[in-house]
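Let's take a walk through the pockets of this protein. Have the structure open and follow along.

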Amino acid sequence: MKINPEKIILESKDFHFKKKIFLISGNEETLIKKIQHILIQKIRNEGFGEIQKNVSKKINFDNNNLNDSLFFKSKIILYENPKEIDQEYLNTIDCSNTAIIISHTNLTNSSKIKKYFDAHKELFSISCYKLSRNIKKIFLDYFLKQHKIQLERDCYWFFLDNTDSRYQLFENEITKLINYDKKEIMVKDLRHLLSNSD
């Protein structure tokens, strides 16, 4: 099942994942890391204590990490860029005590596993690419509203046009805006605040 990354970032409190198996793919690594972090926090809040990073290039019955932990009843297993993923194996996982997060930066939209996750009703597929202007606008509107910041129309569009399309750099610029101590922000202020405002 496809989920947009902005939904995970802005509405993660509203989500409850029955099966905790996620594929995070795309070429925007800062957004992948952000989504991975949010998912780990959410799953840990549901009582999953241990985090295991699996370096295996295969996710299948032969390389399973589903053995019981000494200290925790449930765990989160992280895979990065596995070369092979056995779909049948994913369907056998007991999601009451195991969560799986697969981060993949080399996966194409036409790949078999990406299509499988996209079409599945219980597994989650999150595609992470550079932010479009429209997605940046969604994030900016959310953070401005959340922190009760008002920008004049010129400042608003200047901010959108002069911030990076990589998620973490964009979020860093929003943080500067949130921490700025002036009540009224002008375009000249933004020119000093933003990293890319030439």
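The largest pocket has a volume of about 370 Å³. A pocket here is an open set of points on a 1 Å grid over the protein atoms alone, where a 1.4 Å probe fits and protein lies on both sides within 12 Å along at least five of seven lines; its volume is the space filled by probe spheres set on the points, which are joined across faces, edges and corners. Its lining (residues with an atom within 4 Å of a point) counts 17 residues, and Ile9, Leu10, Ser12, Lys13 and Ile38 are the closest to the centre.

This is a predicted model, so to speak of local features takes pLDDT of at least 70, and side-chain atom pairs count only at 80 or more, while totals for chains, interfaces and linings use all residues. Residues are numbered from 1 along each chain as its sequence is written, and side-chain values use heavy atoms, without hydrogens and water.

Which elements give two or more residues to the lining of the largest pocket? They are α1 (5-11), α2 (29-45), α5 (133-146) and α7 (167-179), with helices being DSSP runs of H or I of at least four residues, strands runs of E of at least two, both numbered from the N terminus. α2 gives the most, six residues.

The second largest pocket has a volume of about 200 Å³. Among its 15 lining residues, Asn4, Pro5, Glu6, Ser127 and Tyr129 are the closest to its centre. Here α1, β7 (124-128) and α5 each supply at least two residues, and β7 has the largest share, with three.
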